Amino acid sequence: MAAALVLVNLGALGAVISRSEHGATLGPADWAAARFTVTQALWSAALSVLLAIPVARALARRRFFGRGLLVVLMGAPFILPSLVAITGLLAVFGRNGLFNEALALLGIAPIRIYGLHGVVLAHVFFNLPLSVRLILQGWARVPAEHQRLSASLGFGAWARFRHIEAPMLTRVVPGALAVVFLICLTSFAVALILGGGPRATTLELAIYQAFRFDFDLGRAAILALLQAAIGAAALLILARLTLPDSGISGLDRTAPPPPGGVARLLDACSIAMAALFLMVPLTLVVLRGAPYILGLPAPVWLALWQSLKVATLSVALLALMSAALTLAGLHRRWPEGLGMAALIASPMVIGTGLFILIHPISDPAHWALPVTAFVNAAMALPFALRALLPAARRAEADFARLSLSLGLSWRAHLRLVLWPRLRRPAGFALALGAALSLGDLGVIVLFAQTGGETLPMQMQRLMGAYRTGDAAGAALLLLIVALAGFVLVERLIGGRNADA
């Protein structure tokens, strides 16, 4: 499986290069796209993580009614289709959005969501919940004994941050920055809708333009290599900045009471502002799409069927790839790196390379959906491995010797020991893969013919044709399908208590 992934990545890129008819060079527009890509990814990662720190701290030390539901809802934007989130953001920050209407009442000039600030805003909307979840895990690993000792020593807020929270953040924040940076590096739909012209073009969008409009495969391949080099450099830099886990654990699960007064007020404000930022756009998607969802034209429902087929195949492929690499990664580290490498690959180049390889054998148009499903599975693989590998390694460390002493076969060990402990993370990983595949707008835009569009592609066409009512209804339909797909797959694989 590992060899197949490497072969697909390198083989697809090699196929694209081999079909280029002349030596490709990068022009000023390409270097401008590279600068914009790095700039927006840096801003997006920095703002997502910086804004997530106070929210994660507030959620870590406050207990209130509805906290669990809020944590689940705050994770919704990351699993939602890009076009749905963009529709919600336009409803709030667009030219006729709520925010600009409020500015108009105050006599202030409206803001434009298109360009760098629009791309960064959308990326923060997607990645703030992910950053909160990653940093929240770091706070959960701080022993309660440390908190009690700091309270008994009379530590103030600054001393507590300096001696307890800052060391934890130095271990967690670089990893969160790396993940968000790589996600934003290969972002396509956000730049396509909110880019706002040549000055706001990302490398992934430039690769798409080289394929779709110029069919300059050589230039597309060089852009993909440049994008991969930027991602690899970011990983190396952040790996050097990341400190190893301290390995300190505690026994006392009861933490001291959190500070009150101003600290309580700041925590409440952090949680409320994050919830409003994430929930208001999604609420507007529901309100604006509800009147139109039942009257959607037939092509939208056909596109929904196509999306369901792609997502089903993508989940099956993701299960196969993640299972193989998880088992291979029980005692090795390279599967983790291989999975992370998928984040720096260009989905456009992989998809096009696969079609070039298929062309001598069969009509590539017949393989549009399978290739899209495979690329979607490969793009979801890093998140699946991040959920599965730690749980698998803990189970192996705790029970491998016991299984050996009982004489269990490998199949029995897998069925009786590993699978019960991997079922819940596997359910989450495959559910995430299903949601991401249902909402993906990437490779399919290059090759789908009339009648073969997925729901996100059909929604994009409705938006481009200024059929705002049908586009709003399609956005709500896509929102419902993505959330339902996530819940259904997680319950089927992870069990009834998968979300506990």
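Predicted model: local features only at pLDDT ≥ 70, side-chain atom pairs only at ≥ 80, totals over all residues.

Colleague: Is Thr37 buried or exposed?

Modeller: Buried. Its relative accessible area is 0%, and under 20% counts as buried.

Colleague: What is Thr37 in contact with, leaving aside neighbours within four places in sequence?

Modeller: Leu185, Thr201, Thr202 and Leu203.

Colleague: New topic. Which residues touch the most other members in the largest nonpolar core?

Modeller: Leu59, Ile135, Phe181, Leu194, Ile207, Val445 and Leu477. That core has 138 residues.

Colleague: Which helix gives the most to this core?

Modeller: Helix 17, residues 368–405. It supplies 16 residues. Another core, of six residues, lies apart from the largest one. Its members include Leu330, Ala391, Ala392 and Ala395.

Colleague: Now helix 13 and helix 21. At roughly what angle do their axes cross?

Modeller: Roughly 125 degrees. The axes of helix 13 (residues 262–289) and helix 21 (residues 468–494) come within 8 Å. So helix 13 is oblique to helix 21.

Colleague: Is the crossing of helix 13 and helix 21 left-handed or right-handed?

Modeller: Left-handed.

Colleague: Which residues meet there, helix 13 against helix 21?

Modeller: From helix 13, Val285, Val286, Arg288 and Gly289. From helix 21, they meet Ala472, Gly473, Ala475, Leu476 and Leu479.

Colleague: How do the residues of that contact divide into nonpolar, polar and charged?

Modeller: Six are nonpolar, two polar and one charged.

Key. Residues numbered from 1 in each chain as written. Heavy atoms only, no water. Axes fitted to C-alpha atoms, helices over the stretch in contact; angles between N-to-C directions. Helix = DSSP H or I, 4+ residues; strand = E, 2+ residues; numbered from the N terminus. Parallel < 35°, antiparallel > 145°, perpendicular 65-115°, else oblique. Left-handed = near helix turned anticlockwise from the far one by under 90°. Contact = heavy atoms within 4.5 Å. Nonpolar A, V, L, I, M, F, W, Y, C, P; charged D, E, K, R; others polar. Core = buried A, V, L, I, M, F, W, Y, C linked by side-chain atoms within 4.5 Å. Buried < 20%, exposed > 50% of the residue type's maximum accessible area, 1.4 Å probe, protein only.
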